[in-house]
Amino acid sequence: MSDWRGSFRGLNTIKGWILDVYPSGPNQITVWMIGENGERVKLVDKYVHRIYVFGNQTDLEGLTRKIINSESVANFRFVEKYADFMEAVKKRVLEIDMTDYGRTAFFARKILRLGGYERYRLYNVDVPIAQAYLYQKNVFPLAHVSAYESKDGLTYELMESVESCLYSIPPLRPLSVDVKIKKQGQATRFSDKIDKITLEHNGESVTIDRGDEADKILRFVEAVKHIDPDIIFTKGGDSFLFPYLAHRAFANGALEKLILSREDVPLKARRGRGRSYFSYGRVYYKAPLRRLYGRIHIDVENTFIYDACGLEGLIEVSRTCRVPLHRAARASIGSIMTSLQLYTAWKDEILIPWKKREPESFKTAWELLVADRGGFVFEPKIGFHKDVVEVDFTSMFPMLMLTRNISAETVQCKCCPNSKLRVPELGYNICEKRRGIVPKTLELLLRKRLEYKRLMRETVDANCRRTYEARQAALKWILVTCFGYLGYRNARFGKVDAHIAVCAFARDALLKAARLAEERGFEVVHGIVDSLWIKKPGVVPKDVADLCQEASSRIGVPLNVEGRYRWIVFLPSKVLPEVAVLNRYYGVFDDGRIKMRGLEARRSDTPPLIRNAQIEMINVLSRAIELNDFVAKIPLALRVLKREAEKILAGNVEIGDLLVSKRLSKHPNEYSHDVFHAVAARQLTSAGFDVYPGQKVQYLIVDADNKNPNSRVKAAQLIGSKERYDAQKYLVMLFEAAETLFEVFGYDLNRIRSEVLYGERQLILN
């Protein structure tokens, strides 16, 4: 290793990329690096986790006498830190060195009890240790660094900036693992034996199917050791596969040899369960983490960022927000974004509160009515439109938070009561003396995303363009989340007043843009929060470009053209046909791109057959220019319906194209009505499957009107080879998808049914 492990100022030097970071003992962190020569090397560093206590100075002095002999405390001292991020003044706090990070939560609760839960405020208690280490050392995952080893631990020198968009990553070794199981029943159980294990690496496939189970497991371990992957991909590795493999290894007396990590740590056999949680009106399920050490395990069924943006997107948010790769793969977008806020606070010596106490400021009923209004909307004008251009503000809410310095500690700050920067309508003052944590956090995200978009426009290399697209898309998800977290009750640096302020600025911006458009001869046909649909006969690109330029200049947030529509149709409510729906429309841009919102094709619970049929119908209409031409093409679109209806009635449909997917909002036995997805979930439970709130259930409708609820649907996992489906129910769903598109043109469900079933030639219905 002499070619890459050198000497610098008398220290051992390692140059390479940080792959994995995790606590490995009291005051100890293990770091795995990929050396510049391709060697994977393990380093061990010292790290003392510190927590902070703030309170009355007499109480703090008394606390030191109570904890001086605690086995959790290695040392303590008084220091100056920003204990209250709402105030720009450092305060004297007690800094405590922990003997073991694993004792932190227990020790913190003990301090709260000593103070009767009122005397003390605690900070930096629940910051994940690996992230705290990255913050403290000012490094990030897959950072290119020089690491200097000494008796005092590791010192890093960054060889690239986290702000760089042109960074390179080392060649990572991926490995995909798939296990086929000899099922003894409908549900796969831990008692079922391994059939074969398939490994895919660099386009090559290896199948392990000879010998008994113990032989297969040991050959699998040997293959992983030989390939030495950096990333192991699985399907269901967190929820089932890894616990299953560990159980089979235990049953065969080989558990201690089931080592998939680079560390000599066997896979754990405990099953465990994940957690169900509520977010933005939905219940979600997160499977438990199955951790490898020295390698990154990505369960493709338990990851959002990787699923949405691929490995490049995952690496981008992991680097930018300083979250270890394995955690970033599973964490929510809000948790990833919060990490960047924590780092921003950490480097500015702002302590991170353990139990948030910042309340919403008092408001009268009138103030609440004025303040709590959300975004502004212009009700859409129902029907067919041409000469429509869609313009929207680029990252409107993040840009407003950045340019208006909106953060919990800056809105209605005490230091600037006469501030000139005021929130529209509400009159709240915004701090002029300091930048808030939230704007500081957003600046990096916005700058990098704009740079990636510029690189996408300028590069001629298709692979580079895909890389930049994945990275900017991942950052977009972080930016989308930042606004919601500003008003989230548990956000460390959030406050409802700041959330309200952003909405007020957004309403003001949309109204100004709409007035400017009307001054230039445009008609506003729809508007919602940060987007406007404007109409002008014979509109030319220069008209729109001039409007966007002036609006961007006046408002301070970039207004850009999403596209010019060949035509667009705004749809009414299904319940009240005379009432428009804000986010329910479909249209075709001049370049042929289709955009739709609120349709069956956009819903995750729509069967693929229905979704594809609706999209194909829109494609048939896409070349229409005028209203008369559009209406004339509707019968052609209905031919798509006729073809799909014939397939349904003839039994010529793949069962997978008819499956409905629904997310459970509660445990299957907690549903009071026999809705289809609850019935399917109960079927799975009875068959031995683990089913939790937040999980998605797939089912086939077999007899929608059957008096026995259990006979109405069949869970996907229980479907037999000759399963029948309810053709009439699927026909209705198909016709309803067409009604969504065409009811505004006089095609209700009865007319569609009649034209499809009894039009050119009658279909056989039995």
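1. Let's start with how α3 and α8 cross: in this predicted model, the crossing of the two helices is right-handed. Helix α3 covers residues 129-137 and helix α8 covers residues 333-347, and their axes lie 10 Å apart at an angle of about 45°. The two are therefore oblique to each other.

2. Sorted by class, the contact of α3 with α8 has five nonpolar and three polar residues, with no charged ones.

3. Another pair to look at is helix α6 (residues 305-321) with helix α12 (residues 462-486), which pack with axes 8 Å apart and an angle of about 60°. α6 and α12 are therefore oblique to each other, and their crossing is right-handed.

4. On the α6 side of that contact you will find A308, C309, E312, G313, E316, V317 and T320; their partners in α12 are T467, A470, R471, A473, A474, L475, W477 and I478. The contact of α6 with α12 includes charged residues, three of them, along with nine nonpolar and three polar.

5. Finally, a look at helix α19, residues 749-758: which of its residues are buried? They are I752, V756 and L757. Viewed down the axis of α19, these buried residues fall within an arc of 105°, so they line one face of the helix. As for what they pack against, the partners are α16 (627-650) and α18 (727-742).

Definitions and conventions. Residues numbered from 1 in each chain as written. Predicted model: local features only at pLDDT ≥ 70, side-chain atom pairs only at ≥ 80, totals over all residues. Heavy atoms only, no water. Axes fitted to C-alpha atoms, helices over the stretch in contact; angles between N-to-C directions. Helix = DSSP H or I, 4+ residues; strand = E, 2+ residues; numbered from the N terminus. Parallel < 35°, antiparallel > 145°, perpendicular 65-115°, else oblique. Left-handed = near helix turned anticlockwise from the far one by under 90°. Contact = heavy atoms within 4.5 Å. Nonpolar A, V, L, I, M, F, W, Y, C, P; charged D, E, K, R; others polar. Buried < 20%, exposed > 50% of the residue type's maximum accessible area, 1.4 Å probe, protein only. Arc of directions from axis to C-beta.
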